[in-house]
Structures are given as C-alpha cells and as structure tokens.
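User: Hi! Could you walk me through this model? I'd like to start with the sheets.

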Amino acid sequence: MRLAITEAKLSTPEDHGVRPFVGAVVADENGEVIATAHRAEQGSGDHAEYIVLSKANLLQHDLARAELFVTLEPCTARSPGKKPCAQHIVESGIRRVHIGMLDPNGIILGRGEDKLRQEGIAVERFPSELVGELEILNEQFVRHHREVRLPDTSLYVSTQVCDIILEALQREGLPVKELPHDWDVSVEDLINYCRAFDTDDTSWDIPAMIRRFRGLAFDKKYADYTYEKDARGLIPEWIDDLNAVLTRCGLSTLEGSRVINVGIGNGAEGHGLLEKLDKLTLVDVGSISLQRAQQKFPRARATVSNAENLDAIRAKSQDVYMSLRTYQSSYFDVTASIREAYRVLRAGGLFIASVANAFLGEDETLVPGLVFPRSNMVDRDRPFEVAEKIRHQLTIMGFDDVGLHSGRTEVFVFGKRPL
C-alpha cells in the first residue's frame, strides 16, 4: 500500500485540468512485487491500473493468484474508445483488489468498487491513516469534486432532527441547552447524554422521552414528505436498482414473501413495490407517518416501533427485512438494528438496507453524498462509510452472501441470515 502511494506521488501532470495522483502495485501471493505504475507514466491519459496490468501481463504472471493495490477507486467510465479500469481488472483475472480512497467524482463514486464485487473479486480498503495521506496528496482533485453545498431551503438543511428533539426536551423542563449531533451518535448515546441533566431525581423517564421525541421529530420532518424535491423523483429508476439487488439475491418478486419494511415513513417509497404484498409489516418511529403509510397499504400490519427494538415482531417470522434510506438517520444505532433484523428473519431470510446517496441541489442537479449534521455541506464518502459499517456488522453476525450495490440514488447492502 505504501509503495502504491509512493508511485502515486510520481504521477505526471498531463494538462491544465485537475487530475488525481494515482499509483498501483501488483504483487504475488507471497507479497513479492510483480509490477508498479503511476498515472500517465507511459503517456497522457493512461491510468495506473491499465499500465501496471500491462506490465504484469508482459511478464506472463498468473494474475489469478496475484493482488492489486491501487490508491484510487478504479474508474467505470472513460471517454469513447477507452475501456474503464474496472473492466481491465475483471478481464485480468485478479481476484483481490485493495483500494485507497474512493473516487470523489460522482460519476464513479462507489461504482468501481461495486463493479469488482459483482464480478466476484474480493475488495478491501486501505487503512484510514493511509487514506488520509491520499486525500492530502489529492487535495485539489478532492476539492474540485466535493465543494458542493445544498441550498439553505433544502429540507435536509432547514429542518434538523436534533433541534426538534431539543425543543421538545426543553418544553418538558429538562435543563439541556444543546444536543450532540455528530454522525454515529446513537439513540442510546443521546439517552445517556440527557441523563446527566436529570440531577434532581425527578420523575422524568429519559429513555421514553427521547424515543417519543425522536418519533415526533421524524413525523415533523417526513410525515408530509413527497418526492417532488427528492432524488428519487428525478430518478424514478431507483426502484430498478432495488429490483436488481433482489434478483442478485435470488428473488424475482416479493410477492408471497413475509416482508417487514422498517422506516417506511409515510409510505412514499412503497409505490410500485409493496401494493401486491399480502404479508407486509410496516414499522416506523413516527406515528403520524405510519398512519399515512397504512392508508396507502391497508392490508399491511403497522406497528410504531424503532429499528433497534422490534419487540412486537416474532423471532424468525420474516422472509425479507427491508430498510431503505433509514440507516443513515440521526440517532440511529446500526449495530442494534442489525441484531434485531437477525432476530426477526428466518434462517435464509434476506436483509436489504440502503443508505441515501443523492440530494437535489440548485436547479435540480443531483448531488451525491450525505449532508454534514447542522450544515449545508455534503460529504461524498459518508454513504459508503455507513454502507461499509452495515456490511461489516452483517459479516460479524454471520450473514451469508453479503454484498454492496451502488445505485443511482442510494447504496444498497444485503445479506442472508445463515441457514
């Protein structure tokens, strides 16, 4: 990995455009270096992966037993007449690839990694400290693709879940002036934080208050939500991405399956997906949102609950657990939610979650990423960090056939509860 970074630093400026520094290394199964390369070392526009694989092929190595280390996610789109690097890698026969930083270019972001996984290639990431080095090296390239902000009028900027919960707690008299709102602050973290302000041994039931106000906040934000200002409205084909994941997991249809949808909101996402299901359970923390969802799907069973605790759902009772664009939510506990998903799924049951990865920016342009809490800045890596956290937890829990799929509006993570 460090040799690949050293190679990246040798990359040759090709023109006046903003280009990344990229290095690549092919090593055999014993870690012996077969070939190294950096961007444009053999000519303008030549990518490091293409060069290093060409060198390795000239040496007639069996690449099926080799590993590729590359500092930037392999591309999936190139100018006419040029083959993307991800396809070069697939055709090379290499079975394991180590990737440094994801490509901040929204056209490629996550799709290179996903392409390799779909082709059965094992993909690993560089450790975070090396990724940090690469981001510094490619600071101009990263900034060129990431300096995106959402308009202040965007729902994701103007309405903050943490502010709604804070106002509700203050109305109850809890002497708290602000709430933690960083990524990865779970509902349990929030409960423990607020307990510190309950110093007078009052009758406050902090856990119940927090969970109730979390539901209130999501109702206030999403009960009347539509896709008019949503990436899914701009790209209704998002549902094709979901169906592609289902097909990849061996399901041609959801009909006949016992399906639980956790975080259904007001049911907007169910159009064209859930209408024909006879064994459907809807779950949401917002009672008003859930009422509206059940009006759309009157045959469904609906229960107000949270993903971290699905007590109302019997163990091993569901064939498919689905939670779309929920796992990146404020005060969401990914680990606890996956444990509950495991509990309610039957052996061999399918888990599918997706992480939002698109917003509408100015003039309805598509902006990939997730919004930094309490800001209008967008982080293009964050969806994949959340997806990777989900994937890792599924692996810890022993799920089989775990995978990722980078769709047009979200990143899907899936797996099957072991038999």
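Analyst: Happy to! Strands β9 and β10 run parallel to each other and pair over six bridges. Helices (H or I, at least four residues) and strands (E, at least two) are DSSP runs, numbered from the N terminus, and two strands pair if DSSP finds at least two bridges between them. This is a predicted model, where local features need pLDDT of at least 70 and side-chain atom pairs count only at pLDDT 80 or more, while totals for chains, interfaces and linings use all residues. Residues are numbered from 1 along each chain as its sequence is written, and side-chain values use heavy atoms, with hydrogens and water left out.

User: Thanks. What is the bridge partner of Tyr321 in β10?

Analyst: Phe351 is the bridge partner of Tyr321 there.

User: And in what order do the strands of that seven-stranded sheet come?

Analyst: The order is β8-β7-β6-β9-β10-β16-β15, in an open sheet with mixed pairing. β8 and β15 are at the edges with a single partner strand each, so one side of each has no neighbour in the sheet. On average, neighbouring strands are turned by 15° against each other, direction ignored. For such angles, axes are lines fitted to C-alpha atoms, for helices over the stretch in contact, and angles run from 0 to 180 degrees between N-to-C directions.

User: How do β15 and β16 pair?

Analyst: β15 (residues 400–406) and β16 (residues 410–416) are antiparallel, with five bridges. Three residues make the hairpin that joins β15 to β16. Within this pair, His405 stands opposite Phe412 in β16.

User: Which helix lies across β9, β10, β15 and β16?

Analyst: That's α12 (residues 238–248), which runs at about 20° to β16.

User: What about Lys316, buried or exposed?

Analyst: Lys316 is exposed, with a relative accessible area of 53%. Lys316 is in the loop between β8 and β9, and its phi is near 55°, a positive value in a residue other than glycine.

User: How many residues are in the largest nonpolar core?

Analyst: There are 38, and those with the most contacts inside the core are Leu310, Tyr321, Tyr327, Ile338, Phe351 and Ile390. Elements that each supply at least two residues include α14 (334–344), β10 (345–356) and α15 (382–396). A nonpolar core is a set of buried Ala, Val, Leu, Ile, Met, Phe, Trp, Tyr and Cys residues joined through side-chain atoms within 4.5 Å. Leaving aside neighbours within four places in sequence, Tyr327 has contacts that include Tyr321, Phe332, Ile338, Phe351 and Ile390. A second, separate core of 37 residues includes Ala48, Leu72, Ile89 and Leu130.

User: Ala48, that's in α2. Which elements cover the buried residues of α2?

Analyst: The cover includes β1 (23–27), β2 (33–38), β3 (67–72) and α3 (85–92). Among the buried residues of α2 (residues 48–58) are Ala48, Ile51 and Leu53. Just after α2, Gln60 takes a positive phi of about 60°.

User: What order do the strands of the five-stranded sheet follow?

Analyst: β2-β1-β3-β4-β5, again open and with mixed pairing. β2 and β5 (122–125) are the edge strands, each pairing on one side only. β1 and β2 run antiparallel, joined by five bridges, and Gly23 has His38 as its bridge partner in β2.

Definitions and conventions: Buried means under 20% relative accessible area, exposed over 50%, partly exposed in between (1.4 Å probe, protein chains only). Contact means heavy atoms within 4.5 Å.
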